[in-house]
Amino acid sequence: ILKHFLKTNIVSNPNTAPEADFSVSPNSGDIATKFIFDASISNHLEDDISQLEVRWDWENDDVFDTEFSTEKVATKQFSEPGIYLVKVEIRDSGGLLDTKIRAVVVE
C-alpha cells in the first residue's frame, strides 16, 4: 500500500529593496534658483510610494541634511556656484535602503 504524504511548503514573500530615483527642476540655475527635488518617482514592489521614507544629502558627503520623512518633495537653494551631487536615500517599511545621485549645476 502506497501512503501519500502531504507536504506543505510555506512560501514567504521576501521584502525587496526599494528603487530610489528623483527628478530635479530646473536642472541648472544660479544661487537665486529654488531647485525642486521630487523622489515620488521612486519604486517599490511591496510598499506603496506613500509609505516610503526619504532623506536628502545636498552635497553627497554622506552626512544627510534632512531626517527620514514620507514627504517626497524638497526644495533647496544653494549659496555658492558649483556642481552639486545631490543624493536621496529611500527606506521601505522593512528597513531596506537604496540611494540615487544626480548632479545639479549652480552658476
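Me: Where is the place of Asn60?

Reply: Strands are DSSP runs of E with at least two residues, while helices are runs of H or I with at least four residues, and both are numbered from the N terminus. Asn60 has its place in the loop between β4 and β5 (73–76). The model is a predicted one, in which local features need pLDDT of at least 70 and side-chain atom pairs count only at pLDDT 80 or more, whereas totals for chains, interfaces and linings use all residues. Residues are numbered from 1 along each chain as its sequence is written, and side-chain values use heavy atoms, with hydrogens and water left out.

Me: What is the phi of Asn60?

Reply: Most residues other than glycine have a negative phi. Asn60 is not a glycine, yet its phi is positive, about 50°. Asp62 is likewise found in the loop between β4 and β5, and its phi is near 65°, a positive value in a residue other than glycine.

Me: With which side chain does the side chain of Lys87 make a polar contact?

Reply: A polar contact is a pair of N or O atoms within 3.5 Å; within protein, one must be able to donate a hydrogen and the other to accept it, and residues adjacent in sequence count only if both atoms are side-chain atoms. The side chain of Lys87 makes such a contact with the side chain of Asp62, at 2.4 Å. Lys87 has its place in strand β6 and is buried, with a relative accessible area of 8%.

Me: Which residues is Lys87 in contact with?

Reply: Contact means heavy atoms within 4.5 Å. Leaving aside neighbours within four places in sequence, the partners of Lys87 include Asn60, Asp62 and Phe64, and also Thr99, Lys100 and Ile101.

Me: What is the nearest side chain of opposite charge to Asp92?

Reply: Lys and Arg count as positive and Asp and Glu as negative, while His and the chain ends are not counted. A salt bridge is a side-chain nitrogen of Lys or Arg within 4 Å of a carboxyl oxygen of Asp or Glu. Asp92 is buried but has no salt bridge; the nearest side chain of opposite charge is that of Arg91, 7.2 Å away. Asp92 lies in the loop between β6 (82–91) and β7 (97–106).

Me: Which side chain has a polar contact of 2.9 Å with the side chain of Asp92?

Reply: The side chain of Asn15 is joined to that of Asp92 by a polar contact of 2.9 Å.

Me: How many aromatic pairs does the structure hold?

Reply: Rings of Phe, Tyr and Trp (its six-membered ring) pair if their centres lie within 6.5 Å; planes under 30 degrees apart count as stacked, over 60 as edge-to-face and the rest as tilted. The structure holds eight aromatic pairs. One of them is formed by Phe22 and Phe37, a tilted pair with 6.2 Å centre to centre and 50° between the planes. This pair links distant parts of the chain, 15 residues apart: Phe22 is in the segment before β1 (23–25), and Phe37 is in strand β3 (residues 35–38). Phe22 is buried, with a relative accessible area of 1%, and Phe37 is buried, with 0%. One aromatic cluster is formed by Phe22, Phe35, Phe37, Trp56, Trp58, Phe78 and Tyr84.

Me: Which peptide bond is cis?

Reply: Most peptide bonds are trans. The bond from Ser25 to Pro26 is cis, with omega near -10°. Pro26 lies in the loop between β1 and β2 (28–29).

Me: How many helices and strands does the chain have?

Reply: The chain has zero helices and seven strands. Of its 107 residues, 27% count as buried. Val54, in strand β4 (residues 53–57), counts as buried because its relative accessibility is 1%.

Notes. Buried means under 20% relative accessible area, exposed over 50%, partly exposed in between (1.4 Å probe, protein chains only).
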